[in-house]
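Hi,

Here is the structure I promised to pass on.

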Amino acid sequence: MTIYHQPWKLVPNRIRGMGGREIDKFRGVSPAVDDRTGSEAWIGSTTAVGRPPADNPNWGRSETVLPDGRRMYLFEAIHEAPQEIMGSRHLDVNGEGLGMLIKYLDAQRQYGLQCHPTRPFAKKMWDSDYGKEESWYVIGTRDDTEAPAYILLGFKEGVTREVWEKHYRNDDLAALENLCHRIEVKVGDAFMVGGGVPHALGEGCFVIEVQEPADITVGARSFEFMKTRFRGDPGVDEATYDERLLGAYLYDGCSPEENLRRWLIPRKVVRSGDWGSESFVIGPEQTSYFSFTELTVNGETDILGTGFPQVGIVIEGKGALTCDAGKMDISRGDEIFFPFDIPNLKITGDTTIVLCHPEGANA
């Protein structure tokens, strides 16, 4: 068997922003600290940060340690043998990119209120093949915040573009936030964040985010700042700037109850047995662009192949991955890339792993 028929360990990273203590805790790093190493980690990423620094064009892309001992960027490893690693079905849908982006987000402070375009709007306004639908799975909360962990998500009833634009042009962030629903969260909650939906991860939240592999963000901070951010795009006139900033939102607010029905996603068990269970956290009923399951094992079971590569995050316990090519010990905080074809892949132990699937895997 070759290196293409067994799991690969991913190299942990932290990128951009102030924070990261909860990421360190989760990974067993001591001392766990908030610092400018970063409040995010990008996991199994073949996507670079938008406008990366000149001295680090691969900022945001993940590294891996291959079973033969080589350490390299995941996208470079894939490029060596895309057919063997990704499979023809994935290549047809997503090319050599992963087709999704997975992150840890650790909100020491509230993230900025923002939204991301739908895929059609992103194509129209940025000529991007991807929008940025995303999802949050709460795997931790801070115990030293003034208020319980929360998110801002979705417009309240009656919010129109005219109302939003008035406060936006006045740079009245408090008023803009007040137009959105505030939701207290707990560990285990999962939220879909549709394209065009305003949102902000609140203070104290530690989440796994799974999203489309793009970094197009429309922020609700300083109308003029956001215009300046987009002025680097050649041939874009003033009217286009305005439409990017205001047209990306879907002004379809609703009651708190309806908002939760839209975006708070209940679990859907897909299989279970004496060994444990596997459930969709976000599945094809929510989006066709990605999905992820949570597999809890007390014993042994197969990891089901989809004909597509997968990315795994061990969120509890420890155990092992076994296949025809060998064995890999795993424990909480490990991040793993799975090439699409791993014969007789099993997981054993007392552990929970999140398995992330790209577009097309559930078709």
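Helix α10 makes the largest contribution to the lining of the largest cavity, with three residues. A word of caution before you go on: this is a predicted model. Searching the whole structure turns up one cavity of 30 Å³ or more, and the space inside the largest cavity comes to about 60 Å³. Its lining is made up of G154, F155, V197, P198, L250, D252, G253, C254, N259, R262 and W263. Two or more lining residues come from each of β8 (150-155) and α10 (256-263). Sorted by class, that lining has six nonpolar, three polar and two charged residues.

Next, the packing. The largest nonpolar core holds 56 residues, and the ones with the most contacts inside it are I102, Y104, Y137, I151, L201, I208 and F337. Strand β12 (residues 205-211) is the top contributor to this core, supplying five residues. Apart from that core there is another one, of 22 residues, which includes Y150, L152, W164 and A248. As a general point, nonpolar side chains in soluble globular proteins tend to be buried together.

Setting aside neighbours within four places in sequence, I102 contacts A41, W42, I43, I208, E209, V210, V311, I313 and C356.

Then there is the β14/β15 pair. Strand β14 (residues 268-273) runs antiparallel to strand β15 (residues 276-282), and five bridges pair them. The link between β14 and β15 is a hairpin of two residues, and G273 sits opposite G276 of β15.

Not counting residues up to four places away in sequence, Y289 touches G99, R119, E133, E212, P358 and E359. Y289 is also 159 residues away from Y130 in sequence, while their C-alpha atoms are 9.4 Å apart in space.

Last, some backbone geometry to look at. Most residues other than glycine have a negative phi, and most peptide bonds are trans. Here are the exceptions I noted:

- The S30 to P31 peptide bond is cis, with omega near 0°. P31 is in the loop between α1 (21-27) and β2 (40-43).
- R16, which is not a glycine, has a positive phi of about 35°. R16 is in the loop between β1 (8-10) and α1, and at 26% relative accessibility R16 is partly exposed.
- D127, also not a glycine, has a positive phi of about 55°. The loop that holds D127 runs between α5 (119-126) and β7 (134-141), and D127 is exposed, with a relative accessible area of 57%.

Cheers

Note on methods
Residues are numbered from 1 along each chain as its sequence is written. This is a predicted model: local features need pLDDT of at least 70, side-chain atom pairs count only at pLDDT 80 or more; totals for chains, interfaces and linings use all residues. Side-chain values use heavy atoms; hydrogens and water are left out. Two strands pair if DSSP finds at least two bridges between them. Helices (H or I, at least four residues) and strands (E, at least two) are DSSP runs, numbered from the N terminus. On a 1 Å grid over the protein atoms alone, a cavity is a set of points where a 1.4 Å probe fits but cannot get out, and a pocket is an open set with protein on both sides within 12 Å along at least five of seven lines; lining residues have an atom within 4 Å of a point. Grid points are joined across faces, edges and corners, and a volume is the space filled by probe spheres set on the points. Ala, Val, Leu, Ile, Met, Phe, Trp, Tyr, Cys and Pro count as nonpolar, Asp, Glu, Lys and Arg as charged, and the others, Gly among them, as polar. A nonpolar core is a set of buried Ala, Val, Leu, Ile, Met, Phe, Trp, Tyr and Cys residues joined through side-chain atoms within 4.5 Å. Buried means under 20% relative accessible area, exposed over 50%, partly exposed in between (1.4 Å probe, protein chains only). Contact means heavy atoms within 4.5 Å.
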